[in-house]
Amino acid sequence: MNKTTKYKIKYGRQEIIQSDIDAVNEVLKSDWLTQGPTVPLFEEKVAKYCGSNFSIATNSATSALHVACLALDLTKGDLLWTCPNTFVASSNAALYCGAKVDFIDCNKDTYNIDVEKLETKLQKAKKNNNLPKIVMPVHLTGQSCEMEAIFHLSKEYGFKIIEDGSHAIGGEYKNKKVGSCNYSDITVFSFHPVKIITTGEGGMALTNNEEIYKKLKKFRSHGVTSDIDEMETRPNNEIWNYQQVCLGYNYRMTDISAALGISQMERLDSYIKKRHIIANKYNKALDGLPLKLPFQHKDTYSSYHLYVIRLELEKISKSHVEIHDEFIKAGINVNLHYVPVYRQPFYENIGFKEGYCPESEKYHRSALSIPIYPTLDDSDQNWVIDTLKKLLN
């Protein structure tokens, strides 16, 4: 192929094959497009894969994060802490509940939440009687946070844990799948097209706690229940087949999306293996360049949703922005994951300032996500590698 500037290699993309199309077509020809039998089958398949007891599919990961916060009773006056090195949806979910948000800086190697900084912040918060109700670790790039240490801190300081695993389905922590919820109350996945598997748009919340599961289910669907044990007794059976028992939302996933998800799950492990092959090729080809390559913690097996390089700008004649723009001119879509959340105008307008989390700011000034996805072939990956070498030399 003649690779001109009109040709694009994305930083991430979905793969849709005939079996996916057939699965969706089967639902389109059925009696159910939504609220049918396919969503529960998808939920069961993901929960079984991850080793969790319960799961609730939603129309996006943002919705799943929101209902996760609601299910843990986050409300006005409460605090949620997360890492700023994430997409805005992580912290926005707390604001939707009327709660406040604060941030813990990232680790210089994993770019995930720094456990030592978390502990220090908890110690200070305890003295000030200002502890968080929820801590939300984010598994950036698909590499799990140090969940066992965070879990032990939760027992000492009394907070709940939501794992934002939007990048991480198929990854592992201490030989258990991310989503097993061994060290958390809830784990959330994303099925956006650039993620590991896709349902078009979609998300899922997993838990091992039945009471949390029941809350997730109600909040996902208008706060409505048909469970007789959850309904109020009314005279003359005035309301008899369903009741709204809390304020919920229409966050349901369609059967169409779930059918695509079920089909994609069949290839999840092969996708992860291919991502590791691509990452290993990058590791070898880019070694020795003025870059910091991704660090992998010994307790984790990453899903490699992203492959993030850090430019050693003091050794390079071009700026961060110039390197980014030269990639785009070459027809290669690279991206920045992420600008620290609190540096967004909305968050600065509610009081956050530059310098709040120095390591996260240092990270974002030099980070670039270069292409990684299962259908990235050798010739296109070689093009990415050769382009990067030319830009740095």
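1. Does Asp78 count as buried or exposed? Asp78 counts as buried, at 17% relative accessibility (buried is under 20% relative accessible area, exposed over 50%, partly exposed in between, with a 1.4 Å probe and protein chains only).

2. Before going on: this is a predicted model, where local features need pLDDT of at least 70, side-chain atom pairs count only at pLDDT 80 or more, and totals for chains, interfaces and linings use all residues. Residues are numbered from 1 along each chain as its sequence is written, and side-chain values use heavy atoms, with hydrogens and water left out.

3. Asp78 pairs up with Lys133 in a salt bridge, with 3.3 Å between the closest N and O atoms (the cut-off is a side-chain nitrogen of Lys or Arg within 4 Å of a carboxyl oxygen of Asp or Glu). The two partners sit 55 residues apart, in distant parts of the chain. Lys133 is partly exposed, at 28%.

4. Lys117 and Asp105 form another salt bridge, at 3.6 Å. Lys117 is partly exposed at 32%, whereas Asp105 is buried at 7%.

5. Glu326 and Lys329 meet in a salt bridge too, 3.9 Å from N to O. Glu326 is partly exposed at 30%, while Lys329 is exposed at 54%. In total, the structure holds 19 salt bridges.

6. On the cysteines: there are zero disulfides (a pair of cysteine sulfur atoms within 2.5 Å). For Cys97, the nearest cysteine sulfur belongs to Cys69, 4.9 Å away. The sulfur of Cys106 is 5.3 Å from that of Cys83, its closest, so too far for a bond. Cys106 is buried, at 1%.

Key. Helix = DSSP H or I, 4+ residues; strand = E, 2+ residues; numbered from the N terminus.
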